Amino acid sequence: MTGLGLLTRFSLRRSRVLIGAWTAVLAVMCYASAAATDSLYATAADRVSAAESINASSALVALYGPILDVHSLGELAMTKTTVTYAVLVMALAIALVRRHTRVEEESGRAELLGGLAVDPRAPLVSAVLVGATASLGVALTAALGTIAGGLPVAGSLWFAGSWLGLGLVGTGIGAVCAQLSANARTCGAVAAGVVAVLFGLRALGDTTGAGWLSWLSPFGWSTQLRAWSDPRGWVLLLDLAAAVLLIVAALVLRARRDLGAGLVADRPGPATGSPRLADALALNLKVHATSLVVWTAACALLGALMAAIVPGVGSVLDSDSARQMMERLGGVGALQETLVAALVSVGAVVITCFVAMVVGHGGAEEHDGRTEEVLATATSRSTSFAAVALVALGGAAWLLLVTGAAMALGSFGAEVSAGGVLAAALVQIPAVWVVAALALLAVAVRSTWAVAGWVLVVAFFLLGPLAELLRLPGWVAGLSPYSHVSKVPAESLQMTPEVVLTLLATLVVLTAWWRYRERDIG
Amino acid sequence: MSESDVIRIRGLVKTFGPTRALDRLDLSVGGGEVHGFLGPNGAGKSTTIRVLLGLLRKDAGEVRLFGGDPWAEAAALHRRLAYVPGDVSLWPNLSGGEVIDMFLRMRGAPANHPWRAEMIERFQLDPTKKGRAYSKGNRQKVALVAAFAAPADLLILDEPTSGLDPLMEEGFADCIAERKAGGTTVLLSSHILSEVERLADRVTIIREGRAVESGSLDEMRHLHRSKVRAEVVGAVPDLGGVPGVHDLSVDGAVVSCTVEPEGLPAVLTALTAAGVRTLTSSPPSLEELFLDAYRKDPVG
């Protein structure tokens, strides 16, 4: 296929930072999980009781999948990585395929290639190769991580096989979804929806009597592979078959459509603009309207679902080690309150991703020249900056409020007050704001630094566990703004960190604003 | 140069790292004039416009727009102008009509001016398409319609017809002529010489970030050699010795050369003495002026 090799090397080169960073993060997670478990549970009996307590909690099984062999150290250690973190492997594959197919077509760069001596199928096939190569790289590095963390080699390789399988299926999902719409964001949203449905099928199958549902989802296959105890290699063939089917389907769909077009035609828009669409803030709200709605719905739904598991937790986590684990995450206090605090702290990090997306998009607007067009109207620099800052900061506060309110409703019947649950979410706002402010500062210094928001989210998220694992001094973990927030409702609310974080965020936002007014645009 | 100039730039310097993009550039555009801003890619046209719009900060020199400081008073000054960038980027999920109205409202201009419908008609734009569905030419049309859909004191157009077909270029020329008649000032950056020659009252040619020629086309022509071709009856006169004559060639009774303005009287006298059968003298085209400006020794 003409141009395939060149195109693939070029794409791999363009995405080397994304692939490298993602691989490194996942490998560190694998190493940390593998290395931490042995010290966490001193005896085999401790491990069995920890595994049994996970299996007994529908919430944890829904999140991580069941532990099929409670005597297996590997299965206990890699509970989270087998299904939950594996979502990230699938997400990487989808992101890569989307990036090198639909995004290229939307930007018009694919047309540039179309005029060269390149086979029309080559871009899609090359994107599939990039997705598969990255999946293989992630899987092998993950295996090295678990082996370094002290787990058996054979199990590590089978486990890597499950990640490779999910990466290949993700490649297929990304390839099919990229054919559907002319809008890259719509394609991404459809793919994310597919992953959510697959995850949900498995969660339902694992927690209810309808175990066959788990067999409909690649995430279920990863658990059923039993990588660490009694491997069933043929399960990986399911991944492979699904991936091949999806990729063939994508190629057929691609052959039936024009370059740049979607299978689902773009609906025409209004011929005139709404009078409300008259300033930079209205524009930015319109640009993010769809994702705001989706995020709000997701926060409400996941918040209510997560909170619904809280009443059942008291009877389950009866081993000391599991309790310690929860307490470390959620602070000292009643178990249910601890669980609420732990769930909310994860939610805050996830919601920060929305912030990173909004700020990152602000950088892209400038890079593509749209900010220039807006600033050539009577829009001031301050207005343009405020439009991004308000959607990022306001959006974060809104999503945490929605999450808190939904959790308060969902935890009905638990021994935690609704007010306490809501407060747990709201106290996170200043910490998220600090990350948002730093991301804004990066964009204000240079538009190409817009990716800083994502780097900060990942860095702050990993800082705590890494500092603990590597026994770094306390101030290292303290660099993360999330670490200073009171673990409400398990602990009482400390106002000092809230005030300090808010002041810090304000100061950084003001610095960013000042910097943005002073620099060249473009 | 007068105080009433809409655009007045003196000694403008802008550097990007080690690159000196603008090197003591001068540019002045009077009220109501269509000013052609000429130069090849990379000469600094877009950089000048972006300084003029307050998007880039100048390193040295003086820049006035409507007598104000384009950096400090950008938003207020932009109420009086409309801008069409060379490469128009649109929002993927906004229709062309939405973008046009948004630009108009952001400028503080009415979105329901009768010109809006007229321009959409004239440029044959489908305003219901989403941003991602437009071709380069159509994206350009969206920005052009937004610029022409309501009155403005100044139009800043950065290579506005790149991507337009010849029919649309014609429509664009009509628009400029109409707005000029209405008193609008136009800064038209371009490397399409015929377009500028037809539309512009005055022209500035820039090269390596510096204005190398500026003035009305007539003035500039006066400063440059005319092409003279004559067929004589008698003996061919020796024009080689006449000051200001270049590129002399003789083919039988036909003599042709290029002549600097001050050499013309002497050439005509010599030709008349020899007895002229036919005589053509053509002023330099803008293309020749342009090539002339670029043929000189490197500036600086």
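Student: Which conventions apply to the numbering, and which pLDDT is needed for local features?
Tutor: Residues are numbered from 1 along each chain as its sequence is written, while chains are lettered from A and ligands numbered from 1 in the order in which they are written. Because the model is predicted, totals for chains, interfaces and linings use all residues, side-chain atom pairs count only at pLDDT 80 or more, and local features need a pLDDT of at least 70.

Student: How many helices and strands does chain B have, and what percentage of its residues is buried?
Tutor: Helices (H or I, at least four residues) and strands (E, at least two) are taken as DSSP runs numbered from the N terminus, and on that basis chain B has 10 helices and 13 strands. A residue is buried if 20 or more other C-beta atoms lie within 10 Å of its own, exposed if 12 or fewer, and partly exposed in between, with C-beta atoms placed from the backbone. Of the 300 residues in chain B, the buried share is 46%.

Student: In chain B, what share of the contacts with a separation of 6 or more comes from residues 24 or more positions apart?
Tutor: The C-alpha trace of chain B spans about 75 × 45 × 35 Å along its principal axes. Two residues are in contact if their C-beta atoms, placed from the backbone, lie within 7 Å. Among contacts in chain B with a separation of 6 or more, the share from residues 24 or more positions apart is 71%.

Student: Why are H1(A) and H10(A) called oblique to each other, and which handedness has their crossing?
Tutor: Axes are lines fitted to C-alpha atoms, for helices over the stretch in contact, with angles from 0 to 180 degrees between N-to-C directions; those of helix H1 (residues 4–14) and helix H10 (residues 122–148) of chain A come within 9 Å and cross at roughly 50°. Angles under 35 degrees count as roughly parallel, over 145 as roughly antiparallel, 65 to 115 as roughly perpendicular and the rest as oblique, and H1(A) and H10(A) are therefore oblique to each other. A crossing is left-handed if the near helix is turned anticlockwise from the far one by less than a right angle, and right-handed if clockwise. The crossing of H1(A) and H10(A) is right-handed.

Student: How are H7(A) and H12(A) oriented to each other, roughly parallel or roughly antiparallel?
Tutor: The axes of helix H7 (residues 86–100) of chain A and H12(A) lie 11 Å apart, and the two helices pack at an angle of about 155°. The contact includes Met90(A) and Ile94(A) of H7(A) and Ala191(A) and Phe199(A) of H12(A). H7(A) and H12(A) are therefore roughly antiparallel.

Student: Is Thr207(A) buried or exposed?
Tutor: Thr207(A) lies in helix H12 (residues 184–207) of chain A, and, leaving aside residues up to four places away in sequence, it touches Ser58(A), Val61(A) and Ala62(A). Because 21 C-beta neighbours lie inside 10 Å, Thr207(A) counts as buried.

Student: Which element gives the largest share of the side of chain A that touches chain B?
Tutor: The contact takes 30 residues from chain A and 32 residues from chain B. On the side of chain A, the elements giving two or more residues are helix H15 (280–287) and helix H19 (370–375) of chain A. The largest share, five residues, comes from H19(A).

Student: Where is Glu159(B) placed, and why is it classed as buried?
Tutor: Most residues other than glycine have a negative phi. Phi of Glu159(B), however, is a positive value near 45°, and Glu159(B) is classed as buried because 22 other C-beta atoms lie within 10 Å. Its place is in the loop between strand S6 (154–158) and helix H6 (166–181) of chain B.
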